[in-house]
Amino acid sequence: MTDFGAAFQAAITLVLDWEGDLAEIVSLSLRISLTAVAVAAVVGLPLGAALALFRFPGRKILVVLLNALMGLPPVVVGLVVYLMLSRAGPLGVLGLLFTPLAMTIAQMILITPIIAALARQVIEDLWDEYAEQLQSFGAGPGRAVTALLWDARFSLLTAVLAGFGRASAEVGAVMIVGGNIDHVTRVMTTSIALEVSKGDLALALGLGIVLVTLSVAVNAAVYLVKDAAQKRQLA
Amino acid sequence: MSDRSKADKGRAILPLELRDVVFQAGGKKLIKDMSFTLSGDRTTIVVGPNGAGKSLLLRLCHGLLAPHAGQVIWHGTTRGGQPGNGSDLAVRRHQAMVFQRPVMMRRSVAANVDYALGLRGLSRAERKARTEEVLSHTGLAGRARMPARVLSGGEQQKLALARAWALRPQVLFLDEPTASLDPAATHALEAIITAIRAQGTRIVMTTHDLGQARRLADEVMFLHRGRLLEMSPAERFFTEPANDLAQMFVRGELLWWRRRKERDPRHDP
């Protein structure tokens, strides 16, 4: 209990002081996670919709694989991205290892399957309902995918939020490819891991509380936007 | 608009001819060697007991299902026809279909109509004008900005009809559009169907309601267990149908006969 009390105190102090270091860590964490979510949504939503609509040989295997990839171990992703970006790796020449971009790539790889798999289920359910009508209208596959993504947008926000949750809480992969370098690649989760290893549990818990608060704030903001949009539609 | 689109726009798709069409599912023939021709600008009502294949027939004609054998021919062109004669999609663009359970997109009433028109390549101004026109004709103008899904069942079916009407189809397929509606809503929908028909659209509609068939039909097709047993002008069908089963159906005795036959397979009308 003492630890929790100290943690809350540390968290409040951290937020109130809002020192440059904390602002930098929070800003970098959000920038990396939100960029990864945005890119993963751009890739994952159409991918999920395509898997929901199109029938082709091997589709079922792809669906099972995509569902399985939702549980992709972050350290494995981190290791693979590390090997790809390391100097001896095929993309080593780009010099991305231990940069925020490498961390974004790792997070994107982790959450794209989550967004795509959840989107596939949402779109498939809607397609079951819409299929005959859209075919009757003469909608081609591209127009059908666009219509489904738009009409399912509120449900798909949940898929995107699930991706954000995974990205913001992720530590293994970003630690491997980012290296937790101070002022360069240090984010909330890697800072927490570092403080724990140093024995500063209060500060680690304080950072954890800030991280959870941020996550709740982002989810609340999205919920409010979604709610307002739905209400406007009902008005 | 491309030359091809212009050509498609002015093109007549009737007559519709079915030649020995077979459709099966689970190894069972649900439509059996069906042949007929639809032309002119009449209203054809397809009647028959449950399981006769009425809805399947409409889907085959509209191109939502492909026959396992036989041909569906629009204006002398087999579906999936030769290059230059127009594709399935080009033919379907001159048709519309309203389903028994209306599919309401998760949009406003007006956006539901607008979406269908957008697929036909109409400009924003044309879409807006046509949307307002059909919503006004169907009594939904006051609901234009409401989400389509909060409408009542009757209003949703009106919207489905309005959406189809906005497309100005040459042929409109209606699959039991009033099946789950009360008499007032049924009457309102029949008035809309009559108005669409008056603008020159060929109506092909299924129904269980013989009273409705009498009110709307110029021509009746009677289906039983996947076969077309009779196709005749409405007046003749309701006064002196040629087929024995059609006679029993018109008298409301077909169900009794079927039950008796199930008990005693030797019995035949």
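Trainee: Which residues touch the most other members of the largest nonpolar core?
Mentor: First, some ground rules: this is a predicted model, where local features need pLDDT of at least 70, side-chain atom pairs count only at pLDDT 80 or more, and totals for chains, interfaces and linings use all residues. Residues are numbered from 1 along each chain as its sequence is written, chains are lettered from A in the order in which they are written, and side-chain values use heavy atoms, without hydrogens and water. A nonpolar core is a set of buried Ala, Val, Leu, Ile, Met, Phe, Trp, Tyr and Cys residues joined through side-chain atoms within 4.5 Å; buried means under 20% relative accessible area with a 1.4 Å probe, protein chains only. Here the largest core has 99 residues, and A:I123, A:L134, B:V47, B:L159, B:L161 and B:L172 touch the most other members. Helix α5 of chain A (residues 100–137) gives the most to this core, with 15 residues; helices are DSSP runs of H or I, at least four residues, and strands are runs of E, at least two, numbered from the N terminus.

Trainee: What is B:L159 in contact with, leaving aside its neighbours within four places in sequence?
Mentor: Contact means heavy atoms within 4.5 Å. For B:L159 the partners include B:M104, B:V113, B:L135 and B:L151.

Trainee: How is the size of an interface given?
Mentor: Often as the accessible area lost when the parts come together. Chain B and chain A bury about 2000 Å² between them, 51% of it on carbon and sulfur atoms; that area uses a 1.4 Å probe and is summed over both parts. In contact are 25 residues of chain B and 21 residues of chain A.

Trainee: How many salt bridges are there between chain B and chain A?
Mentor: A salt bridge is a side-chain nitrogen of Lys or Arg within 4 Å of a carboxyl oxygen of Asp or Glu. The count between the two chains is 3. One of the salt bridges joins A:E129 to B:R149, with the closest N and O atoms 2.5 Å apart.

Trainee: Is α2(B) mostly covered or uncovered?
Mentor: Mostly covered, since 8 of its 9 residues are buried, among them B:L56, B:R59 and B:H62. Just after α2(B), B:G63 takes a positive phi of about 90 degrees.

Notes
Buried area = accessible area lost by both parts, 1.4 Å probe. Buried < 20%, exposed > 50% of the residue type's maximum accessible area, 1.4 Å probe, protein only.
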